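Thanks for making time this morning. I would like to walk you through how two chains meet, so please keep the structure in view while I talk.

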Amino acid sequence: MNKDNHQGIWVYIEHTAGHVQRVGLELLHAGRELKAVTGEELTAVVIADQTGDLAEQIKSYGADRILAVDCPQCKEYSTDAYTQLLYDLICEYHPSTVLVGATENGRDFAPRVACRLKTGLTADCTALGIDEETGDVAWTRPAFGGNLMATILCSNTRPQIGTVRPGVFRAEQVGTAAQVVRLEKNLPEQSIRTRIKELVHREGTPFRIGEADVIVSGGRGMKGPENFPMLQELAELLGGVVGASRAAVDSGWIDSSHQVGQTGSTVRPRLYIACGISGAIQHLAGMSGSDQIVAINQDPDAPIFKVAHYGLVGNLFEIVPALIQEIKAMQA
Amino acid sequence: MKILVCVKQVPDTTEIKIDPVTNTLIRTGVPSIMNPFDAYAVEQALRLKEAAGGTVSVVSMGPPQAMSILTDALAMGADEAHLITDRRFGGSDTLATSYILSCAVRQLGPFDVILCGKQAIDGDTGQVGPEMAEHLGIAQVTYVSQLRPDGDRLEAVREHPDRQEILSVALPAVITVVKGEERPRFETIRGRLKANRQEIGILDREALPVEDEKIGLTGSPTKVKRTFTPERHAECVWVEGESAKDQAKALCQALSRAHVI
Ligand SMILES: Cc1cc2nc3c(=O)[nH]c(=O)nc-3n(C[C@H](O)[C@H](O)[C@H](O)COP(=O)(O)OP(=O)(O)OC[C@H]3O[C@@H](n4cnc5c(N)ncnc54)[C@H](O)[C@@H]3O)c2cc1C
Ligand SMILES: Cc1cc2nc3c(=O)[nH]c(=O)nc-3n(C[C@H](O)[C@H](O)[C@H](O)COP(=O)(O)OP(=O)(O)OC[C@H]3O[C@@H](n4cnc5c(N)ncnc54)[C@H](O)[C@@H]3O)c2cc1C
């Protein structure tokens with residue numbers, strides 16, 4: 001395969017109920033970082049029954065171009081339609097690289113697209129770079145439940161495709177508006193072999209911890225659900241939200257939407273305060289990219305201190321209330 | 001209804017430790033188990049058979065030791081089992097693995113439903129199911145927690161963090177399952193005794209018509225360039241004090257100096 005025939009970095013933009021998912025905007029940032037090395041054009045791809053408003057939402061996030069594909073069979077997501085449309089676009093424009101958010105839908109259709117193209121797909125990446133020797137994308141991802149990281153190359157086939165975990169990059173507006181290319185496609189109805197009969201939304205508005213600026217997290221050291229309001233108070237004073245370790249979630253002290261880590265959300269807030277969390281590798285996998293990490297733990301050997309910028313050894317039931325007092329005094 | 005479940009033998013990653021000196025995975029002494037999501041897939045298959053009749057077959061690709069998880073599936077109640085095993089299949093990435101599995105499906109089938117786990121807890125990609133569906137050119141539904149017959153189709157509940165989709169899918173189809181409410185059943189003593197006597201079919205390169213350029217390292221577009229243990233950074237600044245109040249004060253000052261708060 002002649003790699004030179006494949007040019008351009010693509011980001012697939014997922015959306016639900018008329019809103020683009022944040023991960024797509026994050027990946028435009030990742031795409032800009034790759035572009036800074038390879039000099040390729042950055043394209044956002046959005047597919048829907050009507051993409052007009054969606055393209056507007058993406059415009060200022062740094063793409064050079066938006067391919068906006070209107071297809072009447074895309075009122076709702078289906079594996080068959082989205083696979084076919086992205087596959088057709090790739091065959092027509094032959095990009096070198098395609099980034100897809102590692103959401104349920106991204107991880108549903110990206111493997112089918114890759115397989116149809118007979119190319120490589122790297123799953124659930126948490127870091128991207130360019131390999132110095134080959135110029136290929138170096139995809140880094142966790143495996144073995146977060147215990148091991150692997151850097152993967154796809155050197156002999158194009159495009160090289162990866163799904164990238166939400167929360168790893170920061171969505172960033174850059175001002176310059178992308179050029180929008182509108183395309184109209186049509187698919188035979190019978191080529192879509194699934195049908196959504198019903199959508200059931202979970203109770204309450206979905207809590208998205210990944211978007212918070214400050215996170216105050218509690219673990220097993222919190223001892224019980226009755227002690228979480230204290231974290232809530234601290235979080236609110238700092239303009240943040242409450243997170244949790246899996247131990248706290250599994251104990252039923254807090255809803256699983258608050259879980260940070262390998263099997264929860266990946267977060268990178270400005271400030272992460274870990275209270276009574278030991279710092280298991282699976283927890284670190286979700287938060288070690290935070291700007292500033294504060295750990296409060298009575299055990300000076302707890303692994304959380306290995307990623308912390310500020311470590312407080314002591315009893316959280318004394319330190320957290322003292323912090324609340326102190327911040328209130330500062331803000332007064 | 002002819003049902004196939006793909007099961008993978010994996011190290012129990014909850015038991016894996018990192019060697020602090022060499023910074024590598026310690027795999028010795030780590031038990032090998034059936035991928036936990038695949039056990040849920042076997043359970044869904046058995047329930048589907050109970051509801052719609054038919055047979056449940058299981059297949060695994062791996063070294064000869066993977067036989068033990070096939071026997072486990074038989075003990076749970078599967079009807080027959082096959083092991084795909086050949087050194088030449090080793091080193092396959094998900095594209096090559098799913099290709100080999102799809103060849104076995106063609107050989108052993110046709111099947112109406114092929115069940116997989118949402119992901120294997122070692123490779124963690126979740127790509128083998130959808131890629132196999134693509135090789136076979138059939139429909140798929142991923143992240144399924146519940147499954148029931150629906151005329152000549154299946155009804156599946158697909159899980160998202162904030163919502164569920166109730167889908168109808170045409171057969172044949174690949175379904176990948178999450179841990180639903182129906183936990184994998186325990187084997188019975190009768191089931192275990194029967195399973196121990198049951199023969200497991202072997203599919204090696206000779207028995208399976210595959211194209212050599214599509215398997216193993218040659219057939220794998222992705223290559224693992226390097227592996228490492230997650231990096232730990234940061235010089236931790238210890239915030240000390242006579243009392244919790246002193247510590248809190250010192251922290252607030254430090255964060256304020258760093259313009260964090
Ligand atoms: C496949 C897999 C996926 C996983 N995914 C995740 C995930 O996404 N997120 C996650 O968090 N975990 C995950 N885990 C679980 C993880 O391995 C740990 O079990 C979990 O993170 C431990 O939670 P913890 O730190 O709250 O509890 P513990 O490890 O029990 O730590 C409690 C800490 O609290 C401290 N403490 C107790 N009392 C006090 C006090 N009064 N004051 C100060 N400190 C105190 C203790 O010193 C201790 O360090 C996963 C595990 C596996 C196997
Ligand atoms: C550190 C590391 C990282 C890797 N990263 C990638 C990557 O990003 N992209 C890539 O293409 N390959 C990758 N591989 C290779 C990949 O792990 C293998 O191809 C593996 O055989 C299948 O992938 P998986 O374990 O992720 O399975 P998954 O796709 O997660 O498995 C999903 C389901 O498919 C079925 N299944 C999977 N394997 C088998 C089997 N052997 N027998 C029966 N059923 C099975 C099971 O039902 C399972 O629940 C990586 C390997 C390593 C060691």
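In this predicted model, 75 residues of chain B are in contact with 75 residues of chain A, contact being heavy atoms within 4.5 Å. The area buried between chain B and chain A is about 6700 Å², with carbon and sulfur atoms giving 57%; buried area here is the accessible area, taken with a 1.4 Å probe, that two parts lose on being put together, summed over both.

Turning to the charged pairs, the rule finds seven salt bridges across the interface of chain B and chain A, where a salt bridge requires a side-chain nitrogen of Lys or Arg within 4 Å of a carboxyl oxygen of Asp or Glu. Asp108(A) and Arg158(B) meet through their side chains in a salt bridge, at 3.9 Å from N to O.

As for which parts of chain B take part, the elements that each supply at least two residues to the side touching chain A include α4 (128-136), β9 (139-150) and α6 (244-257), helices (H or I, at least four residues) and strands (E, at least two) being DSSP runs numbered from the N terminus. α6(B) gives the most to that side, with ten residues.

Strand β13 of chain A, residues 194-201, pairs with β11(B) in the antiparallel sense over seven bridges, pairing requiring that DSSP finds at least two bridges between the strands. Within β11(B), Leu167(B) is the bridge partner of Ile196(A).

On conventions, residues are numbered from 1 along each chain as its sequence is written, while chains are lettered from A and ligands numbered from 1 in the order in which they are written. Local features need pLDDT of at least 70, side-chain atom pairs count only at pLDDT 80 or more, and totals for chains, interfaces and linings use all residues, while side-chain values use heavy atoms, with hydrogens and water left out.
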